[in-house]
Amino acid sequence: SWKDFDVSRDFDYIPVTVKLEDLQLKALQTRPDFRAAMQGVTQAKSQYELAKANGKRDITGFFNYSHVGGVNTGDMGLSFELPIFDRNQGEKARTNYAINQEQELELTANDQVLSDVLTAYEALHDNDQVVTLYRWSRSISLDTLMRRRKRETSPNIHTTEAPQVFWIFSTLSAVTGRQSLPIANLSRRV
């Protein structure tokens, strides 16, 4: 049960520092859907090689020796098919098409894996930014920010900086689930 567990160290958010390329490489090595697609290409290539091997002509050699009534006779020869009507061409074409199809499936799986990793990585990066903005909002009040902006900039702050600050605080309010940030006073004070 969850009651049997306790926090063993600081319970603080630690940003994940990993490169996108490393995650993508690891995903391509371990994702079962991509590995299955790679195995499908290998299987299709082996089927094509089998079709090519079945298309080869068998050469059969023979030798007969007989000794009848003091006469020694020997026959020797080779036997092979003449490929006038090669019925294996269709199988070769089918397996070659199967290779192309499996390669396309492998590319699709590759793109899907890379897309999934990129989406998750961007979500992680967005969460890092939200946590950073939340921590920043706890350390500085809106009044302090607005007083500093009034001193540093022209009276045109309402049209340039205030919408940006308003968006940041509204995002933080939505994330935290409460309206504790002074959003309502922003447009009247500026």
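**Close-up views of the chain**

**View 1. L82 sits in the loop between strand 2 (71–79) and helix 3.** The model is predicted, so local features need pLDDT of at least 70 and side-chain atom pairs count only at pLDDT 80 or more, while totals for chains, interfaces and linings use all residues. Residues are numbered from 1 along each chain as its sequence is written, and side-chain values use heavy atoms, with hydrogens and water left out. L82 counts as exposed because its relative accessibility is 62%, where exposed means over 50% relative accessible area, buried means under 20%, and partly exposed covers the range in between (1.4 Å probe, protein chains only). Together with I59, L78, F80, I84 and F85, L82 forms a nonpolar patch on the surface with about 790 Å² of accessible area. Such patches are made of residues with over 30% relative accessible area and no salt bridge, nonpolar side chains (Val, Leu, Ile, Met, Phe, Trp, Tyr) being joined within 5 Å and like charges within 9 Å. Accessible areas come from the Shrake-Rupley method with a 1.4 Å probe, and for residues only the protein chains shown count as cover.

**View 2. Strand 1 and strand 2 form a hairpin with two residues between them.** The two strands run antiparallel and are joined by nine bridges, two strands being paired if DSSP finds at least two bridges between them. Within this pairing, Y65 stands opposite G74 in strand 2, and in the turn G69 has a positive phi of about 55 degrees. Strand 1 (residues 60–68) is hardly covered, since the count of buried residues among its nine residues is zero. Along the sequence, the whole chain follows the pattern α-α-β-β-α-α-α-α-α, with seven helices and two strands.

**View 3. The largest nonpolar core is made up of seven residues, L20, A27, F34, A37, A109, V113 and V117.** Helix 1 (20–30), helix 2 (32–54) and helix 3 (89–139) each supply at least two residues of this core, and the largest share, three residues, comes from helix 3. A nonpolar core is a set of buried Ala, Val, Leu, Ile, Met, Phe, Trp, Tyr and Cys residues joined through side-chain atoms within 4.5 Å. A109 touches D33, F34 and A37, residues up to four places away in sequence not being counted; contact here means heavy atoms within 4.5 Å. In soluble globular proteins, nonpolar side chains tend to be buried together. Over the chain, buried residues make up 18% of the 190 residues.

**View 4. A44 in helix 2 is buried, with a relative accessible area of 3%.** Leaving aside residues up to four places away in sequence, A44 touches T95, A98, I99 and E102. A44 and N100 are 56 residues apart in sequence, yet their C-alpha atoms are 8.8 Å apart in space. Among contacts in the chain between residues at least 6 apart in sequence, 65% join residues at least 24 apart.

**View 5. The side chains of D116 and R31 meet in a salt bridge of 3.1 Å, N to O.** This pair links distant parts of the chain, with D116 in helix 3 and R31 in the loop between helix 1 and helix 2, 85 residues apart. A salt bridge is a side-chain nitrogen of Lys or Arg within 4 Å of a carboxyl oxygen of Asp or Glu, and by this rule the count comes to four. D116 is partly exposed at 30% relative accessible area, and R31 is partly exposed at 22%.

**View 6. The side chains of R94 and E91 meet in a salt bridge of 2.8 Å, N to O.** R94 and E91 are separated by about one helical turn because they are three residues apart in helix 3. R94 is partly exposed, with a relative accessible area of 44%, and E91 counts as partly exposed at 33% relative accessibility. Elsewhere, salt bridges that share partners join R31, D33 and D116 into one network.

**View 7. E49 forms a salt bridge with K52, the closest N and O atoms being 3.9 Å apart.** Both residues lie in helix 2, three residues apart, which is about one turn of the helix. E49 is partly exposed with a relative accessible area of 46%, as is K52 with 31%.

Key
Helices (H or I, at least four residues) and strands (E, at least two) are DSSP runs, numbered from the N terminus.
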